Amino acid sequence: MLLLVFGSIFGGPTPPNYTLYVKNLDVDHEGRPGVLSEAFIRALNESVFEVQLLKPGDPYPRSTGFAAIRVLTIPMGFTSNLINATIVNRVDITVETIMMMVEMAGDQIPPEARASISSSMEGINAFRGSMPAGVMTLTLEGSRDDRVLQPIEGIINTIASRFELALLNASSTIDVKTRFNDTRQLRSVDYYLPGYVAAFIMTNGLIGVSSLVSDMRRRGIIKLLASTPVSRTTWTMSIVIVQTVASLILLSVMIAVGWLVFRIAAIPDIYSIIVIILGTLAFTGFGMVIGVSLKEVEAVTALGNSLSFPMMFLSGALWPLELMPPYLQDVARLMPLYYFHSALRETLIVGSVMTATFPSLIVGVMATAGILLAISLTKWRDF
Amino acid sequence: MNEIIVVDKLTKKYGDFLAVNNVSFIVKQGEVFSLLGPNGAGKTTIVEILECLRTPTSGVALIKGMNVKDPSEVKRIKRLIGVLPQEFNAIDNLTVYENVELAASAKGSRNVKDILEALGLWEMRKSAFSKLSGGLKRRVGIAMALVGDPEIVFLDEPTTGLDPEARRETWSYIRKLKKSGVTIFLTTHYMEEAERLSDRVAIIVRGRIAAEGDVRRLVSEQGGKTRLIFEDLGERAAEALRGKGYEVEPITDDRTVVKVSDKSEVFEVLSILRGLSIDAYPEIHHPGLEDVFLRIVGSKISERGELI
C-alpha cells in the first residue's frame with residue numbers, strides 16, 4: 001500500500017505538471033485581454049504548465065503544503081508592442097535579405113536599378129524607425145527557496161521564442177525528438193521499494209514478533225510448548241521460518257505491484273534473497289529477545305515502537321540519506337536497518353554484489369547475534 | 001500396580017520463600033492421584049517440577065524411574081506426559097483442529113481426529129478457539145494434553161473458573177480417560193472434584209503434605225461419623241438418644257445433629273424416636289474429604305481456593 005501511495009506521488013510515469021499563476025496586465029480599457037497575450041497564455045497552458053489566471057485585485061496566492069507558488073506577470077501593452085516588434089523584425093529581415101541578394105547579384109543588376117532599390121530600402125528603413133518597439137519584460141516571481149524556478153524561467157523563455165517565431169511566420173529549423181531506449185534509470189519508486197521491504201521486516205520483527213512472543217508467554221502457551229518434547233531452538237527456528245516465508249511473500253508482492261504499476265527496476269536474485277533472509281533472521285531474533293526479556297506486553301510494545309520508529313525515519317529507508325543533515329547521516333549509519341536496506345538496495349535494484357558485500361556482512365553478523373541471543377534468552381524451564 | 005511417579009523429600013524455594021517443603025509421595029500406574037490444597041499450597045510448583053518445567057531445590061522426582069533434573073532424560077520424560085496447565089490457553093486465531101494439530105506435531109503424533117472424536121470436539125473442529133465457551137476451551141486443552149498417547153496426564157486445576165455444568169462435563173471426560181488406563185495426576189482445590197475422581201489423594205497445605213492415601217480409607221479413618229440433622233427434635237428426644245450413647249449436638253435453635261457410625265445406627269435412632277411417638281426425617285450427611293480436610297488442617301477451602 002505504501003509503495004502504491006508513495007510510488008504514485010513521487011515516482012509515477014506521468015510527467016510533472018507545474019501550476020503557474022499568470023497575472024495579465026495587457027488589457028484594454030474595458031478589461032478585455034490583448035489578442036497576443038491571450039494566445040501566449042494559451043501556449044503556456046498547452047505546455048507543461050497548468051495556468052491559473054489571476055484577476056486584477058486578486059491577492060497573491062498562498063502556498064499550501066510543499067507546492068511552490070510562481071506568478072508570471074504579462075505587462076501592459078504586451079500585444080501592441082509585440083505587433084510592432086514583429087513588424088520591425090519582418091522589415092529588418094526583408095531589407096537585409098534584399099540587400100544580400102543585391103550584393104550577391106553584383107553587376108547583373110544595372111546601376112539605375114541598384115540605386116532605385118537602395119532608395120526604396122532607405123524609405124522602408126525610415127518607416128521602420130518610426131515604429132515604437134522594444135523588449136517586453138515578463139516578470140516571473142517565486143520563492144528564493146524554489147529550486148525549480150530557474151528551469152521554469154528557461155521553459156517560459158523557450159515558449160516565448162517559439163511564440164515569436166510563429167508571429168514571424170517562420171518555422172523552427174532546430175527540433176529535438178525524444179527516442180526511448182531500453183536502459184533503465186532508477187526512479188524514486190525504485191529507491192522506495194527496498195526501503196519499504198526492509199522497514200516492514202524490521203517493524204514486523206521488533207513490534208510484531210516481540211508482541212507475539214510476549215503474548216504467548218503471558219498466556220502460558222510457551223509453557224505449554226515447553227512441556228512437550230519441542231526444544232527452544234526448534235521453537236525459535238519455527239518462528240524464524242514463518243517470518244522468513246512472510247518476508248519472501250512480501251517481497252514478491254511488492255515487486256509484482258511495483259513492476260506492474262511502476263515498471264520498477266527490481267530484479268530479485270539469489271543475493272537479494274540471501275539479504276532478505278539475513279535481515280529477517282536479524283530482526284526476528286531482536287524481536288524475540290525483546291519479547292522474552294520484558295515481562296509486560298505493554299513494555300514490549302513500547303520498546304518495539306521506540307526502537308523501530310526512529311530507525312524507520314532516520315536510517316534512510318524511506319528517503320535518501322543525502323537529504324538529511326550530516327550529523328543525522330552519521331546517526332543513520334549506527335542503525336541496523338541502514339545496513340539492511342542498503343544491502344537490499346544494492347542487490348535488488350542496483351544489482352551490485354560488490355557494494356552490497358559490506359552491509360550484507362553487517363546484516364549477517366546481526367542475524368547470527370540475534371538468533372543466538374533469542375535462543376539463549378528464551379526460558380524453557382524455571383519461567 | 002507399578003509406581004510411575006516417585007517424589008522423595010522434594011523441596012523448592014523461590015528466594016527465601018519455601019514453596020514445597022520436603023514432600024514425598026508416590027503415584028501408581030493407571031490411577032487418578034490428586035493433590036488437594038488451597039491456592040499457594042505448592043500444587044502447581046510440584047506439577048511443574050514433574051513436567052520438567054521447574055528445577056527442584058533439593059529432593060528427587062522420578063517419572064518412570066527417570067530423574068526430572070537430569071537433562072539427558074528430559075526429552076524422554078516429555079514424550080511420556082500430557083499437560084493441561086493451570087489457566088490453560090491456546091492460540092486464539094487458530095481453530096480447534098489447528099490447535100490440537102499444533103500440540104500433536106510438537107509431540108510427533110498424528111492422532112488428532114481420534115482425540116477430537118473421543119472428546120466430542122470433531123463437529124466444532126473448524127471453530128476458532130477464541131469463540132469457544134470456557135468449558136469447551138478446557139476440553140480443547142484436555143485434547144491437546146492427550147494427543148501423542150501420553151502415559152501420564154497432568155491436569156492442573158482443570159475445572160477452576162468453569163460453571164457447574166462445564167465442571168461436571170469435564171469430570172465425565174476425566175472419568176473416561178481414567179478408564180483408558182492413563183495415569184492422571186490432578187491438582188485441585190475442589191473437595192468434591194478430588195473425592196469424585198481420585199483413587200488416592202494427598203492433602204497439601206503450605207508446601208507440606210498433611211495427609212495422603214486412598215480416598216475412601218482417608219474418609220473412613222479421618223472423616224468422622226455420619227451426621228443426622230433433625231429439625232425441632234426436642235430436649236426429651238435428645239436426652240433419650242444421649243441415654244443410648246449417641247452424640248447429640250444442637251447446631252442452631254431448631255436444628256440438632258446426631259452422629260452415627262453406620263447405617264444400622266440410623267435405623268436404631270429412628271426406631272428410638274418412633275418409640276417416643278416422634279416421626280422425624282433427618283438429613284443424612286456422610287463424611288467426605290471436606291471433613292477429612294477440616295479435621296486435619298482445621299480450616300476449609302473456599303470456592304475461590306482460599307483457606308478459610
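Predicted model: local features only at pLDDT ≥ 70, side-chain atom pairs only at ≥ 80, totals over all residues.
Me: Let's start with aromatic rings. How is a pair of rings described?

Reply: You give the distance of the centres and the angle of the planes. In this model the count comes to 15 aromatic pairs over all chains. Take F40(A) and F163(A): their centres are 5.3 Å apart, with 70° between the planes, and that pair is edge-to-face.

Me: Where do F40(A) and F163(A) lie in chain A?

Reply: F40(A) is in helix α2 (residues 35-45) and F163(A) is in helix α5 (residues 149-167), so their pair ties together parts that are 123 residues apart in sequence.

Me: Is F40(A) buried or exposed?

Reply: Buried means under 20% relative accessible area. F40(A) has 1% relative accessibility, so it counts as buried. F163(A) is buried too, because its relative accessible area is 13%.

Me: What does a stacked pair look like here?

Reply: Look at F25(B) and F33(B), which are stacked with 15° between the planes and 5.1 Å centre to centre. Both F25(B) and F33(B) are buried. They also belong to one aromatic cluster, together with F154(B) and F185(B).

Me: And charges over rings? Which ring does the charged end of R125(B) sit over?

Reply: That's the ring of W122(B), with the charged end 4.1 Å from the ring's centre. For another case, find Y190(B): R167(B) lies over its face, at 3.8 Å from the ring centre.

Me: Now the nonpolar cores. What do nonpolar side chains tend to do in soluble globular proteins?

Reply: They tend to be buried together. The largest nonpolar core here has 48 residues, and the members touching the most others are L193(A), V197(A), L337(A), F340(A) and L348(A). Several helices of chain A each supply at least two residues of this core, including α6 (188-218), α8 (232-262) and α13 (353-377). The one giving the most is α6(A), with 10 residues.

Me: Which residues does V197(A) touch, leaving out those up to four places away in sequence?

Reply: V197(A) touches L250(A), L251(A), M254(A), I276(A) and L344(A). There's also a second, separate core of 34 residues, and among them are L224(A), A103(B), L155(B) and L197(B).

How values were computed: Residues numbered from 1 in each chain as written. Chains lettered and ligands numbered in written order. Heavy atoms only, no water. Phe/Tyr/Trp six-rings, centres within 6.5 Å; stacked < 30°, edge-to-face > 60°. Helix = DSSP H or I, 4+ residues; strand = E, 2+ residues; numbered from the N terminus. Buried < 20%, exposed > 50% of the residue type's maximum accessible area, 1.4 Å probe, protein only. Lys NZ or Arg CZ within 6 Å of the ring centre and 35° of its normal. Core = buried A, V, L, I, M, F, W, Y, C linked by side-chain atoms within 4.5 Å. Contact = heavy atoms within 4.5 Å.
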